[in-house]
Amino acid sequence: MGDVTYVRKACAYITRGSSELLVFEGPGHDGLQIPKGTLEPGESPQEALFREVREESGLGTLNGAQHLTTDVWTRREEPPKRYVRHFFHATVYEPRDRWTHTVTDGGGEHGSEFEFRWVRPATAGEFALDLDEYVDLLPVAAGAEPASSASD
């Protein structure tokens, strides 16, 4: 077994209104994803979050960014890579229901096109790379139907 590499990532659950989550599909991706990216040297997870959201989606203004959780996720490859993923929740006002954004940062994804849209998390199905693992940490209004109480 080879050496394990750790890669630090910032992941964004971005919601609008009371029930929609921002997702994208893009070249080389096997299913729905959320904006995310690798932390640059000296960059905090929150700084990376804002930079990656801007680079991948074109969205420049997020309302706050609340840290939800951090995990270590292992991608099965040789040598294995472990991702230290910092998940955040932020809200945004965005009138577009769908859009395509072309990455123009000059980095490894330069020129890639990401097709964004809004989904209801409870009905979206599984995401690529287990990125839906913490959707249940979002406020109830952002994706789950509240359970009816016994007195109803």
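Trainee: What share of the 152 residues in the protein is buried?

Mentor: Buried residues make up 44% of the 152. Bear in mind that this is a predicted model.

Trainee: What makes F24 and F116 an aromatic pair, and why is the pair called tilted?

Mentor: Their ring centres are 5.3 Å apart, and the limit for a pair is 6.5 Å. Stacked needs under 30 degrees and edge-to-face over 60, so what falls in between is tilted.

Trainee: Which parts of the chain does the pair of F24 and F116 tie together?

Mentor: F24 lies in strand β2 (residues 20–25) and F116 in strand β7 (residues 113–119), so the pair joins parts that are 92 residues apart in sequence.

Trainee: Why do F24 and F116 count as buried?

Mentor: Buried means under 20% relative accessible area. F24 has 0%, and F116 has 1%. Both values fall under the cut-off, so both residues are buried.

Trainee: Why is the pair of W73 and Y83 called tilted?

Mentor: The ring centres are 6.0 Å apart, with the planes at 45°. W73 and Y83 are both buried.

Trainee: How many aromatic pairs does the structure hold, and which residues do ring pairs link into a cluster?

Mentor: There are seven aromatic pairs. The cluster consists of F24, W99, F114, F116 and W118.

Trainee: How do you know that the charged end of R96 is close enough to sit over the ring of W99?

Mentor: The charged end of R96 is 4.2 Å from the ring centre of W99. The distance limit is 6 Å, and a limit on the angle to the ring normal applies too. R96 is listed as sitting over the ring.

Trainee: Which residues touch the most other members of the largest nonpolar core?

Mentor: I14, L22, L49 and V53 do, in a core of 20 residues. β1 (5–16), β2, α1 (45–57), β5 and β7 each supply at least two residues of this core. Beyond four places in sequence, V53 touches A12, I14, P35, G58, L59 and L62. A second, separate core has 14 residues, including C11, Y13, I34 and L68.

Trainee: Why is R85 called buried?

Mentor: R85 has a relative accessible area of 3%, under the 20% cut-off, so R85 is buried. R85 lies in strand β5. A polar atom of the R85 side chain lies 2.9 Å from the backbone oxygen of L129. Among the contacts of R85 outside four places in sequence are K9, D71, W73 and E133.

Trainee: And R51, is it buried or exposed?

Mentor: Buried: its relative accessible area is 10%, again under 20%. R51 is found in helix α1.

Trainee: What makes the link between the side chains of R51 and E52 a polar contact?

Mentor: The distance is 2.8 Å, and the limit is 3.5 Å. Residues adjacent in sequence count only if both atoms are side-chain atoms. Here the contact runs from side chain to side chain. Leaving aside neighbours within four places in sequence, R51 is in contact with T38, L39, E40 and E43.

Definitions and conventions. Residues numbered from 1 in each chain as written. Predicted model: local features only at pLDDT ≥ 70, side-chain atom pairs only at ≥ 80, totals over all residues. Heavy atoms only, no water. Helix = DSSP H or I, 4+ residues; strand = E, 2+ residues; numbered from the N terminus. Buried < 20%, exposed > 50% of the residue type's maximum accessible area, 1.4 Å probe, protein only. Lys NZ or Arg CZ within 6 Å of the ring centre and 35° of its normal. Core = buried A, V, L, I, M, F, W, Y, C linked by side-chain atoms within 4.5 Å. Contact = heavy atoms within 4.5 Å. Polar contact = N/O pair within 3.5 Å; in protein donor to acceptor, adjacent residues only side chain to side chain.
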